[in-house]
Structure formats: C-alpha cells, structure tokens
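Hello,

I am passing a structure on to you, with some notes on what turned up in it. Please have a look at it below and then read on.

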Amino acid sequence: MSIASSRFLTFGNLSNIALQTSINALLAVGMTFVILTSGIDLSVGAILALSGSITAGLITHGTSPFLAAIAGLLVGVVAGLFNGILVGYGRLAAFIVTLGTMTLFRGLTEIYTHGMPIFNLPLSFMKLGTGYFALLPTPVWIMFLVFVIGWVMLNRMTLGRRIYAVGGNEDAAFLAGVPVKKYLVTVYVISGFLAALAGLILTARLGSAEPNAGTGYELDAITAVVLGGTSLFGGEGTLIGTIIGAFILGVISNGLNLLNVNAFYQDAIKGIIILIAIMLDRKKISR
C-alpha cells in the first residue's frame with residue numbers, strides 16, 4: 001500500500017487509521033465476548049445510534065454532558081441486558097433476537113429524534129471524540145484502554161475462563177456447575193455497553209447525533225472478530241486477534257480511499273473478505 005500511495009506511511013495517515021479503527025474496535029471487542037459463547041449481536045450499530053441520540057438529546061435539553069453520557073451508557077447496558085435475557089433465559093436464537101432488537105432500537109431512535117440529527121453539542125463533550133493526548137486522538141487511547149481491560153477479563157479472570165467454557169461446550173459447562181444463563185447475559189451487557197461507548201465517541205467526533213449512525217457497523221465488527229481468528233462457533237479466539245483484525249479492516253478501507261476506489265466496490269471487497277474468513281474458519285473447525 002505504501003508503494004501505491006506515498007501518503008500511506010505518514011504519521012498523520014497512520015494516526016487517522018487508528019482513529020477510524022477505534023469505533024469498530026470498540027464494537028469488535030464486545031462482539032468477541034459474544035461470539036466466544038457462539039452467539040452474535042446484530043444490534044450493536046442500532047445501540048450505538050440510540051445511545052448517541054439520547055445523550056445528545058439530554059445535553060441539548062440542559063443536562064450536564066457527564067450525566068448525559070452516563071445515561072447514554074446505561075441505555076447500552078439496558079439494551080444489552082434485554083438481548084441477554086432473551087438469549088440466555090428465553091433460550092431464543094441470538095441471530096433472531098438481535099435482528100429483532102436491531103429493528104426495535106432503530107425505531108426507538110427514529111421516534112426519539114423524529115428522524116432528524118441533533119446538533120449544538122458543547123465543546124466539553126466534543127473533546128471526547130476530537131481531543132488529543134500525547135499526539136494521539138482521545139478515541140485511540142480509549143480503544144487501547146478498553147482492549148487492556150477486556151484482555152484482563154478474558155485471560156486473568158474467572159469470567160473469561162467460563163465464557164470460553166460456555167462457547168466450547170454449553171452442556172458440559174452447565175454440568176460442570178457454570179451458570180450458563182448468567183454468563184450469556186453478561187456478554188450481551190458488555191457488548192451493549194461498548195456499543196453505547198462507541199456511540200458517545202462517534203457523536204462527539206461528528207458534533208451531532210445522526211439517527212442512522214452505525215448502520216452496517218455490526219458487519220464490520222463481526223468481520224474484525226473473524227479476521228482476528230475467533231471462531232464463529234464459539235470457544236476459540238483472542239482479543240489481540242480482534243484488534244489486529246480491526247486494524248486490517250482499517251488499513252484496507254484507508255488504502256482503498258487513498259486509491260480513490262468507489263465506495264460500492266469497497267463494500268463488495270469487505271463482503272468477499274467476510275466470506276473468505278468464514279470459509280477459513282469452517283475449514284479449521286472441520287479438521
């Protein structure tokens with residue numbers, strides 16, 4: 001890519017890749033928790049939009065940015081809890097549940113915003129998405145912090161071991177005394193929280209809450225997770241792989257933009273990447 005474009009390896013462009021990747025990486029970290037249990041969360045893009053809209057709406061109605069951000073994060077937690085209860089205790093298929101809630105959350109966002117963007121956000125809130133620290137954008141530092149916390153949860157805590165156990169063999173985990181339903185709820189709450197955090201950062205970065213924000217982001221998050229080596233059948237994968245997968249997608253998107261590739265072709269290329277990743281995962285499982 002550096003041969004095709006002399007701008008690729010500049011610090012400004014690499015910093016921009018990290019910034020562009022940060023939103024997808026946050027969603028992908030939450031998606032990794034879900035996919036490790038052999039589930040899937042198609043509602044993350046809709047949660048992102050709903051949380052960002054409610055946060056922006058509260059701010060423009062006089063609520064302090066801090067309290068509005070807390071409220072936005074709680075929206076993500078409640079949305080994830082709703083998904084988790086339906087999947088864990090309702091024993092419904094994750095694909096069907098989150099497909100339905102994706103539409104539900106999109107509808108709630110449209111109702112709340114009347115289909116219109118919410119502007120006039122204060123600078124103190126926008127710094128969350130546009131600020132810099134030690135030469136790097138604030139969202140990039142948040143992405144790394146979330147990655148470290150997620151890595152510790154998966155690799156140094158009982159929570160992580162049990163999530164892998166549930167994804168590896170749910171029946172065996174249950175017989176071993178693992179409260180499977182509780183952990184299924186937990187992974188969707190984590191995913192919802194991180195989707196809401198991504199929504200706050202995106203809203204702050206854009207300076208407005210867009211009702212259709214996050215459309216298609218769920219597929220980018222799933223692609224990053226699968227590219228990073230996490231099995232769609234659960235029980236196998238790492239967060240390091242997910243971050244690498246997110247950056248691979250970011251580099252590909254950035255490179256295609258530098259080469260002025262049409263956006264429609266970019267979507268087609270991403271689709272091909274998803275199919276190749278799924279086929280490789282399938283082949284690995286069948287060995």
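**Helix α11 and its ends**

Thr238 caps the N-terminal end of α11, with a side-chain oxygen 3.0 Å from the backbone nitrogen of Gly241. That counts as a polar contact (a pair of N or O atoms within 3.5 Å; within protein, one must be able to donate a hydrogen and the other to accept it, and residues adjacent in sequence count only if both atoms are side-chain atoms). Helices here are DSSP runs of H or I with at least four residues, numbered from the N terminus. α11 has 20 residues and reaches 28 Å from its first C-alpha to its last, close to the 28 Å expected at 1.5 Å a residue; the expected span is 1.5 Å times one less than the number of residues. Just after α11, Asn260 takes a positive phi of about 60 degrees.

Before going further, a word on the basis: this is a predicted model, in which local features need pLDDT of at least 70, side-chain atom pairs count only at pLDDT 80 or more, and totals for chains, interfaces and linings use all residues. Residues are numbered from 1 along each chain as its sequence is written, and side-chain values use heavy atoms, with hydrogens and water left out.

Thr21 lies in helix α1, residues 11-36. Thr21 counts as buried because its relative accessibility is 2%, where buried means under 20% relative accessible area, exposed over 50% and partly exposed in between (1.4 Å probe, protein chains only). A polar atom of the Thr21 side chain lies 2.6 Å from the backbone oxygen of Ile17. Not counting residues up to four places away in sequence, Thr21 touches Met143, Ala246, Phe247 and Gly250, contact being heavy atoms within 4.5 Å.

Ser22 is in helix α1 too, and it counts as buried at 1% relative accessibility. The Ser22 side chain reaches the backbone oxygen of Leu19 at 2.6 Å. Leaving aside neighbours within four places in sequence, Ser22 is in contact with Pro139, Val140, Met143 and Arg205. Ser22 and Pro137 are 115 residues apart in sequence, and their C-alpha atoms are 9.7 Å apart in space.

**Helix α2**

The 17 residues of α2 (residues 44-60) should span 24 Å at 1.5 Å a residue, and the end C-alpha atoms are 24 Å apart, which agrees. Of those 17 residues, 15 are buried, so α2 is largely enclosed by the rest of the structure.

**Pocket and cavity**

Grid points are joined across faces, edges and corners, and a volume is the space filled by probe spheres set on the points.

The largest pocket holds about 500 Å³ of space. Its lining has 20 residues, and Gln20, Tyr217, Asp220, Ser253 and Lys270 lie nearest the centre.

What about enclosed space? One cavity of 30 Å³ or more is found in the whole structure. The largest cavity has a volume of about 60 Å³, and α2 and α9 each supply at least two residues of its lining.

Best wishes

Methods: 1 Å grid on protein atoms, 1.4 Å probe; cavity = no way out; pocket = protein on both sides within 12 Å on 5 of 7 lines; lining within 4 Å.
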